[in-house]
Amino acid sequence: MKDSMILCKYFQREESHLPKPKNQAFGKQGESATGYYLCIQTMTVSGPDHAPVSPENCQDGRRCYIR
């Protein structure tokens, strides 16, 4: 995920809810450890528009996007 991306307010990586690993090389900043991302509006891997949640998809242009 690029640092310059402005993601939706409701976008989260699933690892945001997991304890930080002792080894910081576990994964790059912004990457999902398991490949799953969450919409905190729906608390699932799909947004309110039923489209998948990902860094590429949760940006301006999507109808449920909130900056």
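At 24% relative accessibility, M5 counts as partly exposed, a class that lies between buried (under 20% relative accessible area) and exposed (over 50%), as found with a 1.4 Å probe on protein chains only. M5 belongs to the segment before β1. The C-alpha atoms of M5 and P55 are separated by 8.0 Å, although the two residues are 50 residues apart along the chain.

The structure is a predicted model, in which local features need pLDDT of at least 70 and side-chain atom pairs count only at pLDDT 80 or more, while totals for chains, interfaces and linings use all residues. Residues are numbered from 1 along each chain as its sequence is written, and side-chain values use heavy atoms, with hydrogens and water left out.

We turn next to the aromatic rings. A pair of aromatic rings is described by the distance of the centres and the angle of the planes. Rings of Phe, Tyr and Trp (its six-membered ring) pair if their centres lie within 6.5 Å; planes under 30 degrees apart count as stacked, over 60 as edge-to-face and the rest as tilted. A search of the whole structure finds one aromatic pair. Its rings, those of F11 and Y37, have centres 5.3 Å apart and planes at 25°, so the pair is stacked. Because F11 lies in strand β1 (residues 11–13) and Y37 in strand β2 (residues 37–39), the pair ties together parts that are 26 residues apart in sequence. Strands here are DSSP runs of E with at least two residues, numbered from the N terminus. F11 is buried at 11% relative accessibility, and Y37 is buried too, with a relative accessible area of 14%.

F11 also takes part in the lining of a cavity. Rolling a probe the size of a water molecule over the atoms shows where empty space is left. On a 1 Å grid over the protein atoms alone, a cavity is a set of points where a 1.4 Å probe fits but cannot get out, and lining residues have an atom within 4 Å of a point. Grid points are joined across faces, edges and corners, and a volume is the space filled by probe spheres set on the points. The count comes to one cavity of 30 Å³ or more, and the largest cavity has a volume of about 70 Å³. Among the residues that line the largest cavity are F11, C8, C39, C64 and R62.

What of the cysteines? A disulfide is a pair of cysteine sulfur atoms within 2.5 Å, and the count of disulfides is zero. For C39, the nearest cysteine sulfur is that of C64, 6.3 Å away. The sulfur of C64 has its closest cysteine sulfur in C8, at 6.0 Å, too far for a bond. C39 is buried, with a relative accessible area of 7%, and C64 is buried at 17%.

A salt bridge is a side-chain nitrogen of Lys or Arg within 4 Å of a carboxyl oxygen of Asp or Glu. One salt bridge is counted: the side chains of D49 and R62 meet at 2.8 Å, N to O. Both residues are in the segment after β2, 13 residues apart, and both D49 and R62 are buried.

Finally, the backbone deserves attention. Most residues other than glycine have a negative phi. M43, in the segment after β2, has a positive phi near 60°. H50 has a positive phi of about 70° although it is not a glycine. H50 is exposed, with a relative accessible area of 70%.

Methods:
Helices (H or I, at least four residues) and strands (E, at least two) are DSSP runs, numbered from the N terminus. On a 1 Å grid over the protein atoms alone, a cavity is a set of points where a 1.4 Å probe fits but cannot get out, and a pocket is an open set with protein on both sides within 12 Å along at least five of seven lines; lining residues have an atom within 4 Å of a point.
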